[in-house]
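Here is a short briefing on pockets, ring contacts and overall build. Please keep the structure open while reading.

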Amino acid sequence: YLPKQHLVWNLGYFNETLLDKPLYPFMDQQYAARVIWLPLLSETDGKVLHLAANLKYGNPKNNQTQLKARPEAITAPYFLDTGVFPAEHEKLIGPEVWYRDNSLLLGGAYYFVRTEAFQGNHQFQGGDIWASWLMTGEVRTYQTRGGLFVFVYPKSSFFKGGTGAFEATIHATYTNANSGPIQGGKFWRLTPTLAWYPSYEFRFTLGYGYGVLNRFGISDGRTQFFQARIQFML
């Protein structure tokens, strides 16, 4: 973190050539970078404007790769899947914007992925937009170490006679996994969610999702999602 320049930066190098069981997405090597500029910064409350760029360069294992994704539900099958295809190199670039004004938080990111191989190059893209309103007045603290917003700390714990914190969010995502002869599909989803934080350690969420898949010659494959989560930390 460079406070005078309002810059946060992260660099990473990952090597899987020494692993007996490689991890998805099965890259021999990956280089990653993230640079963040903070023209507005108030860590605990007030306004934050976070402008970032994400970069990645990777060498897929055995010169082949595969892009696949579930529809934001771990028990669902893979809605998007390109299958395995040749790729000697994989490049990613993604702009990212977040804005916080006390209890209101807006933001998202969009990514462009390019794969390169002797047999041909391919391009894919996708991203998300997210909006959150903490109805009970809490503010998500911004942490310059890592450049991220942390968990919600309720003003009054339910276990001490308070109400806890309530949050309303809406999340929109879009992914295009089609490129020439590779037809992994297109998918978008809209998800409003309500969350209750009785205390810092607990969270209960209830969400509804509506998604549309374009794949297998079906241009309007619709799915509705009803999801709930109970989460606690020790």
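In this predicted model, the lining of the second largest pocket divides by class into 15 nonpolar, eight polar and six charged residues. The pocket itself has a volume of about 600 Å³. The largest pocket reaches about 950 Å³. The protein chain has 16 strands and zero helices.

**Second largest pocket**

- The lining of the second largest pocket counts 29 residues. Nearest its centre lie Lys 68, Ala 69, Val 113, Gly 126 and Thr 175.
- Five elements are listed as giving two or more residues to this lining: β5 (68-69), β8, β9 (104-116), β10 (122-134) and β13.
- Lys 68 also takes part in a charge–ring contact. Lys 68 lies over the face of Tyr 78, 4.7 Å from the ring centre.

**Largest pocket**

- The volume of the largest pocket is about 950 Å³. Its lining holds 39 residues, and Trp 130, Thr 193, Arg 203, Thr 205 and Arg 229 are the closest to the centre.
- Two or more lining residues come from each of β8 (89-101), β12 (148-149), β13 (165-179), β14 (182-197), β15 (202-215) and β16 (218-232).
- Strand β16 gives the largest share of the lining, with six residues.
- By class, this lining has 19 nonpolar, 11 polar and nine charged residues.

**Cavity**

- The structure holds one cavity of 30 Å³ or more. About 30 Å³ of space lies in the largest cavity.
- The largest cavity is lined by Arg 100, Asn 102, Ser 103, Leu 105, Ser 132, Leu 134 and Arg 140.
- By class, the cavity lining comprises two nonpolar, three polar and two charged residues.

**Aromatic pairs**

- How many aromatic pairs does the structure hold? The count is 19.
- The cut-off for edge-to-face is over 60 degrees.
- Phe 158 is partly exposed, with a relative accessible area of 42%. Trp 196 is also partly exposed, at 22%.
- Tyr 208 and Phe 226 make a tilted pair, because their planes are at 55°, with the centres 5.2 Å apart.
- The second pair also links distant parts of the chain: Tyr 208 is in strand β15 and Phe 226 in strand β16, 18 residues apart.
- Is Tyr 208 buried or partly exposed? At 29% relative accessibility, Tyr 208 counts as partly exposed. Phe 226 has 67% relative accessibility, so Phe 226 counts as exposed.
- Ring pairs also build a cluster. Its members are Phe 158, Phe 159, Phe 166, Trp 196, Phe 202, Phe 204 and Phe 232.

**Charge over a ring**

- Arg 189 places its charged end over the ring of Phe 225, at 4.2 Å from the ring centre.
- Lys 68 and Tyr 78 give another such contact, at 4.7 Å.

**A buried loop residue**

- Where does Thr 82 lie? Thr 82 is in the loop between β6 (80-81) and β7 (85-86).
- Thr 82 counts as buried because its relative accessibility is 13%, and the cut-off for buried is under 20%.
- Leaving out residues up to four places away in sequence, Thr 82 touches Gln 66, Leu 67, Phe 124, Ala 177, Ile 182 and Gly 184.

**Overall build**

- The protein chain has 234 residues, and 38% of them count as buried.
- Along the principal axes, the C-alpha atoms of the chain fill a box of roughly 65 × 45 × 35 Å.
- Take the contacts between residues at least 6 apart in sequence. Of these, 56% join residues at least 24 apart.

Note on methods. Residues are numbered from 1 along each chain as its sequence is written. This is a predicted model: local features need pLDDT of at least 70, side-chain atom pairs count only at pLDDT 80 or more; totals for chains, interfaces and linings use all residues. Side-chain values use heavy atoms; hydrogens and water are left out. On a 1 Å grid over the protein atoms alone, a cavity is a set of points where a 1.4 Å probe fits but cannot get out, and a pocket is an open set with protein on both sides within 12 Å along at least five of seven lines; lining residues have an atom within 4 Å of a point. Grid points are joined across faces, edges and corners, and a volume is the space filled by probe spheres set on the points. Helices (H or I, at least four residues) and strands (E, at least two) are DSSP runs, numbered from the N terminus. Ala, Val, Leu, Ile, Met, Phe, Trp, Tyr, Cys and Pro count as nonpolar, Asp, Glu, Lys and Arg as charged, and the others, Gly among them, as polar. Buried means under 20% relative accessible area, exposed over 50%, partly exposed in between (1.4 Å probe, protein chains only). Contact means heavy atoms within 4.5 Å. Rings of Phe, Tyr and Trp (its six-membered ring) pair if their centres lie within 6.5 Å; planes under 30 degrees apart count as stacked, over 60 as edge-to-face and the rest as tilted. A charge sits over a ring if NZ of Lys or CZ of Arg is within 6 Å of the ring centre and within 35 degrees of the ring normal.
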